[in-house]
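Student: Can you walk me through the chain contacts in this one? I'd like to go interface by interface.

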Amino acid sequence: MQEQISKEREIRLMKGNEALAEAAIRAGMHAYFGYPITPQSEILEYLTEQMPKRNFKVLQAESEVASINMIYGAAGAGARVMTTSSSPGISLMQEGLSYIASAELPCVVANVVRGGPGLGTIQPSQGDYFQAVKGGGHGDYRLIVLAPNSVQEMADFVFDGFRLAEKYRNPVMILTDGALGQMMEKVALPPEGSLEHVVPEWATVGKPKTREPNIITSLFIEPEKMQAVNIHLQKKYKTIEENEIRYEEYHTEDAEIILTAFGLSSRLCQKAVDLAREAGIKVGLLRPITLFPFPYQRISELAHDAKAFLTVEMNAGQMVEDVRLAVNGKKPVFFTGKMGGIIPSPEEILAKVEEMAANINNLTEVER
Amino acid sequence: MIKGYIEINKDICKGCELCIEACPQGSLRLSTHINTRGYRYVELVEQNCTGCTNCALVCPDVAITVFREQKPKKAV
Amino acid sequence: MSTDVLTQELQQGFDCVYEKPDTLTDTRFHYCPGCGHGVAHRILMETIQELGIAEQTVGVAPVGCSVFAYHYMNIDMQEAAHGRACAVATGVKRVLPDRYVFTYQGDGDLAAIGTAETIHAVNRGENILIVFINNAIYGMTGGQMAPTTLAKMVTSTTPYGRETDWIGFPLKMTDLVAHLPGAYYVTRQAVHTPNAVRKAKKAIRNAFEYQKLNKGTCFVEIVSNCPSGWKMNPSDSNKWLEENMLPFYPLGDLKVPEKA
């Protein structure tokens with residue numbers, strides 16, 4: 001939120017979707033494959049408009065199924081690639097994501113989430129947390145999930161996403177939402193070409209006589225081999241959990257009530273913390289930035305001194321399950337949220353906080 | 001007539017017999033022995049092979065190598 | 001090649017006129033005896049060897065019997081999800097436009113679950129070669145009906161024969177893509193006789209040579225057999241192919257480049 005803006009950065013006023021697209025170009029993305037869907041179509045539009053002037057390729061695919069598989073092919077050929085979509089389109093990509101995770105191909109996928117289930121609504125939502133964080137496709141795999149809460153982070157996390165994807169050979173999801181995609185804010189863009197890229201040695205670029213063929217596959221028909229691949233993947237996810245957890249805290253030092261929220265909800269919660277502090281209530285906010293890996297440890301530590309937790313999400317309560325896992329029954333964990341594309345207001349969150357504060361020493365977790 | 005001969009990798013031959021059918025000379029037959037994979041493999045039994053490559057062309061297992069007699073070099 | 005004395009003596013005065021290309025690995029094919037996949041693999045890789053493009057070629061394997069094509073093809077390869085080979089190949093070709101890219105797909109992969117990816121790749125004129133093996137059946141999963149299964153043909157999911165009035169008609173994918181402006185060269189070949197193999201190999205060679213021109217998609221269907229799925233011996237399956245498949249899927253070019 002308070003990132004130091006370096007002098008090299010260019011300040012622009014941009015939509016979140018455009019900032020993400022522009023950042024991808026600046027991050028040296030070689031190719032983008034996508035399909036139009038509201039509320040993220042500006043990304044494809046922006047990139048098709050920029051393509052003739054800049055050095056990258058864009059292709060509008062015939063479906064999200066095709067675009068994620070184009071990502072597979074291009075990533076396997078060693079390119080830095082990205083696709084984006086919104087909830088129903090991301091559902092269509094789950095097969096491909098599972099293959100990409102298994103074949104260990106680096107790529108960035110942004111989900112500009114809209115309300116669901118089904119065709120749902122084009123309004124912002126956080127209803128895809130489970131899908132993004134717990135799997136979504138088949139098999140035991142993980143995406144690295146980054147949750148921006150500003151237009152600035154929509155841009156910055158593309159850089160972080162490519163860096164992490166290539167470091168771990170793992171797909172990275174930027175889990176954002178329709179509001180962050182559509183809102184305009186000031187953004188400081190990093191300079192073009194600031195992220196180095198090397199064609200990986202495992203890429204299928206044509207086999208010279210000096211090496212064995214490079215094979216991109218997720219097929220391991222012998223159970224022993226399949227198990228070995230799974231063990232390798234789980235070790236990798238463990239390493240990611242050890243090294244890449246990111247979160248932000250706001251007034252947690254003396255807080256009796258800890259709000260937990262990601263993405264857009266965390267901004268609303270920050271405002272709610274300010275309002276509650278003005279009213280003399282000791283409230284703080286923990287905002288996970290990486291949803292996988294999730295900051296279980298830190299939340300567990302906070303559970304030591306805090307008296308209660310309130311998770312705020314734009315869904316029926318998804319991340320709250322991970323908060324409860326972290327708190328592990330030490331303190332009550334409450335949930336408040338809005339579904340179907342409605343954004344909760346800071347005042348509504350404050351009302352819930354005030355209700356909790358009024359009874360802070362006798363709270364029991366009855367609701368789910 | 002041009003002379004030829006073939007080598008059949010009997011361990012990868014699956015005895016599908018398509019080469020036997022494709023051979024215009026009738027030079028091939030199925031062996032009474034079986035290979036390491038349990039297949040009866042094909043063998044060259046006649047000396048009338050011309051090295052026409054038909055057997056190799058239809059072999060689905062790339063088991064056949066074909067040799068053909070060198071043409072006599074013309075005097076310069 | 002063996003270097004023992006007897007062999008050397010035997011080979012004296014003889015030229016090797018046919019041998020396994022280096023572009024095939026030494027791994028034994030897992031295909032059933034008499035299956036056309038082996039021949040199709042071989043002529044594809046022979047062509048790559050003869051054109052000297054093995055180092056510039058990236059292949060995409062499908063889901064189906066040829067799912068392990070990359071065990072046999074001694075080049076860089078990617079294994080695509082079921083039906084998605086053309087999308088994967090598009091991804092490869094778009095970021096490596098100077099490489100030769102091909103897909104190798106069966107009828108279930110290309111003409112059922114991957115219809116959209118196939119048609120759109122051809123319609124975009126992706127500069128790739130699509131090798132389409134049509135044996136009118138799902139081989140790997142045990143002989144179920146394919147989109148290309150002939151009318152009245154018995155499979156494990158059409159045990160009374162394909163009844164077109166309720167299950168639909170066999171799909172001529174090759175005829176379909178020939179109409180698309182992105183298609184540059186579309187042909188239907190077979191590999192059941194020595195002559196058919198020669199012609200099919202020539203078609204594949206044409207396709208790779210056209211890929212250099214950057215003029216659009218080359219699509220080579222190979223009508224093939226499935227002895228196990230059809231429940232016939234290899235020889236009978238080739239006769240059946242000739243008598244039943246070829247009248248419905250006639251061999252020949254469906255679209256050839258206009259002469260300049």
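Predicted model: local features only at pLDDT ≥ 70, side-chain atom pairs only at ≥ 80, totals over all residues.

Student: Fine. How many residues are in contact between chain B and chain C?

Tutor: On each side the number is given separately: 32 residues of chain B are in contact with 32 residues of chain C.

Student: And what area is buried there?

Tutor: About 2,600 Å² is buried between chain B and chain C, and carbon and sulfur atoms give 62% of that.

Student: How many salt bridges are counted between chain B and chain C?

Tutor: The count is zero. Polar contacts are another matter: 13 residue pairs are found in polar contact across the interface of chain B and chain C, with both residues at pLDDT 80 or more.

Student: Which elements of chain B give two or more residues to that side?

Tutor: They are β1, α1 (18–22), α2 (54–58) and β4 of chain B. β4(B) gives the most, with six residues.

Student: How does the chain B side split by class?

Tutor: The side of chain B that touches chain C has 16 nonpolar, seven polar and nine charged residues.

Student: Back to β4(B). What does it pair with in chain C?

Tutor: Strand β4 (residues 64–69) of chain B pairs with β1(C) in the antiparallel sense, over four bridges. V66(B) has Y18(C) as its bridge partner, and E69(B) stands opposite F14(C).

Student: What is the strand order in that sheet?

Tutor: The order is β1(B)-β4(B)-β1(C), in an open sheet of three strands with antiparallel pairing. β1 (4–8) of chain B and β1 (14–18) of chain C stand at the edges with a single partner strand each, so one side of each has no neighbour in the sheet. From one strand to the next, the twist averages 30 degrees.

Student: OK, switching to chain C and chain A. How many residues does the contact take from each?

Tutor: It takes 31 residues from chain C and 33 residues from chain A. The area buried between chain C and chain A is about 2,600 Å², with 59% given by carbon and sulfur atoms.

Student: How many salt bridges does the rule find in this case?

Tutor: Four salt bridges are found across the interface of chain C and chain A. One of the salt bridges is formed by E95(A) with R84(C), where the closest N and O atoms are 3.3 Å apart.

Student: Which strand of chain A is joined to β3(C), and is the pairing parallel or antiparallel?

Tutor: Strand β9 (residues 215–216) of chain A is joined to β3(C) by two bridges, and the strands run parallel. In β3(C), Q78(C) is the residue that I216(A) stands opposite.

Note on methods:
Residues numbered from 1 in each chain as written. Chains lettered and ligands numbered in written order. Heavy atoms only, no water. Pairing = 2+ DSSP bridges. Axes fitted to C-alpha atoms, helices over the stretch in contact; angles between N-to-C directions. Contact = heavy atoms within 4.5 Å. Buried area = accessible area lost by both parts, 1.4 Å probe. Salt bridge = Lys/Arg side-chain N within 4 Å of Asp/Glu carboxyl O. Polar contact = N/O pair within 3.5 Å; in protein donor to acceptor, adjacent residues only side chain to side chain. Nonpolar A, V, L, I, M, F, W, Y, C, P; charged D, E, K, R; others polar.
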